[in-house]
Amino acid sequence: MLASKPRFEILDGLRGVAAIIVVCFHLFETYSPGPTGQILNHGYLAVDFFFMLSGFVIGYAYDDRWSRGMTQWDFYKRRLIRLEPMLVMGVLLGALWFYFGDAPGFHQMMATPWWKVVVIMLLSFIMFPIPPTYDIRGWGENSPLNGPQWSLLWEYVANILYATLVRRFSKAGLSILVALSGVLTVLLCCDIDLFGLLEARKWAAYTPIGGWAVTPDQIYIGLSRLMFPFFGGLLLYRLGLRLKFSKGFIVTSVILALVLCMPHIGGNKANIFNGLYNTVAIMLLFPVIVAAGAGSELAGKKTTAACKWLGAISYPLYITHYPLIYLQMSWAQRHPDAPLGTHIFMSVCIFIIAIASAYACLKLYDEPVRTWLKNKFLRKPVKTVA
């Protein structure tokens, strides 16, 4: 079995910071009138940051393994073992809590028979995108039991593109791909409807929000969100670009939090300056943060331990928290006149439960299952001499 490499622990910590901000973003989203009024306004950019981290880490972890005999199937097995167990858990939790989330905002829920929920669950296990005609919640998502799963579908697409084609690109070829992908980022963020596919998402104008459905506009948005960050992260690794900061984790965490929590640019109206901000964040600030996270050193046992914990919990938290958000949304819709303090208490409880359940899933399920799968499918048996 190919040996594991040392980890970029600051990047792991940053992934955890972004995942926590995503949970807070979704908690506040329940009380948000839309993208311009969201409290942690640019939290949606965490997805684009995750894509860039993934591209960088994929390059670091796998680029040199192809020349040492790793096959595409070896690569796919490793990625499936890493991602699939927690994806299954997120879907299971979504199915478990589905009917408990009945509320006016989910108008199709109680009309959905149990067998259809089971079918959607089984299809979601294999990342089969659910078409809008088979929607069971009323939002048109391709993963109606666990909303954030849509980004994992694009992660799988990126992995396939990397393994089949892009891994062979020279630095010059990869640079051209990233430059062309950057054009898509600019068009999307600045709401330039060059291909006539953005009219249906005017509610999210001047943002990259979208990518969660199998409609032409959402496929275009998802692909545009994926290409530059993921392959930009891969290029960042291959070019060896690093920045070194003292107290690198603290500095990069603060910068990342500021980027994701920045208020909407332009007040309560969609504005081109907000689109420009999103473009700069994805194409400039995120590469700087990743380069600094990769180039800086950790100082102190507590910081190191924090980064390790944040990195370990980041994916479980991201992929399991949203079924709880559905419940929070439903509760808020059913109790609009509850005191503000009660709404705050409910949200804080959801946050704590999300962290605790993600950690429990990590330790009691994800780590044991991945260890078993690695032993079963990755380790080659030792040959004995008769």
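Is Arg79 buried or exposed? Arg79 is buried, because its relative accessible area is 14%, where buried means under 20% relative accessible area, exposed over 50% and partly exposed in between, with a 1.4 Å probe and protein chains only.

This is a predicted model, in which local features need pLDDT of at least 70, side-chain atom pairs count only at pLDDT 80 or more, and totals for chains, interfaces and linings use all residues. Residues are numbered from 1 along each chain as its sequence is written, and side-chain values use heavy atoms, with hydrogens and water left out.

Arg79 sits in helix α3. Helices here are DSSP runs of H or I with at least four residues, numbered from the N terminus. Leaving aside residues up to four places away in sequence, Arg79 touches Ile58, Tyr62, Glu84, Glu155 and Asn159, a contact being heavy atoms within 4.5 Å.

Helix α11 covers residues 322-334. From its first C-alpha to its last, α11 reaches 18 Å, close to the 18 Å expected at 1.5 Å a residue; the expected span is 1.5 Å times one less than the number of residues. Because 11 of its 13 residues are buried, α11 is largely enclosed by the rest of the structure. Among the buried residues are Tyr322, Pro323, Trp331 and Ala332. The buried residues of α11 pack against α1, α3 (72-96), α10 (301-320) and α12 (340-377).

Asp366 belongs to α12. Its contacts, not counting residues up to four places away in sequence, are Arg82, Pro85, Met86 and Cys361.

Thr252 is part of helix α8 (residues 248-261). Its side chain reaches the backbone oxygen of Gly248 at 2.7 Å. Beyond residues up to four places away in sequence, Thr252 touches Ile10, Leu14, Phe245, Ile289, Ala292 and Gly293.

The next pair of elements is α6 and α7. Two packed helices are described by the angle between their axes and the distance between the axes. For α6 (residues 171-189) and α7 (residues 216-239), the axes come within 8 Å and cross at roughly 145°. Axes are lines fitted to C-alpha atoms, for helices over the stretch in contact, and angles run from 0 to 180 degrees between N-to-C directions. The residues in this contact include Leu174, Val178 and Leu188 of α6, and Ile221, Phe228 and Leu235 of α7.

Loops also hold residues of interest. Ile39 lies in the loop between α1 (9-29) and α2 (46-62). Its C-alpha atom is 7.5 Å from that of Glu29, 10 residues away along the chain. Ile39 touches Phe28 and Cys261, not counting residues up to four places away in sequence.

Most residues other than glycine have a negative phi. Met127, in the loop between α4 (114-125) and α5 (149-164), is not a glycine but has a positive phi of about 65°. Asp191, in the loop between α6 and α7, is not a glycine either and has a positive phi of about 55°.

The table lists the relative accessibility of single residues.

| Residue | Relative accessible area | Class |
|---|---|---|
| Ile39 | 48% | partly exposed |
| Met127 | 7% | buried |
| Asp191 | 11% | buried |
| Thr252 | 1% | buried |
| Asp366 | 1% | buried |

Terms used:
Helices (H or I, at least four residues) and strands (E, at least two) are DSSP runs, numbered from the N terminus. A polar contact is a pair of N or O atoms within 3.5 Å; within protein, one must be able to donate a hydrogen and the other to accept it, and residues adjacent in sequence count only if both atoms are side-chain atoms.
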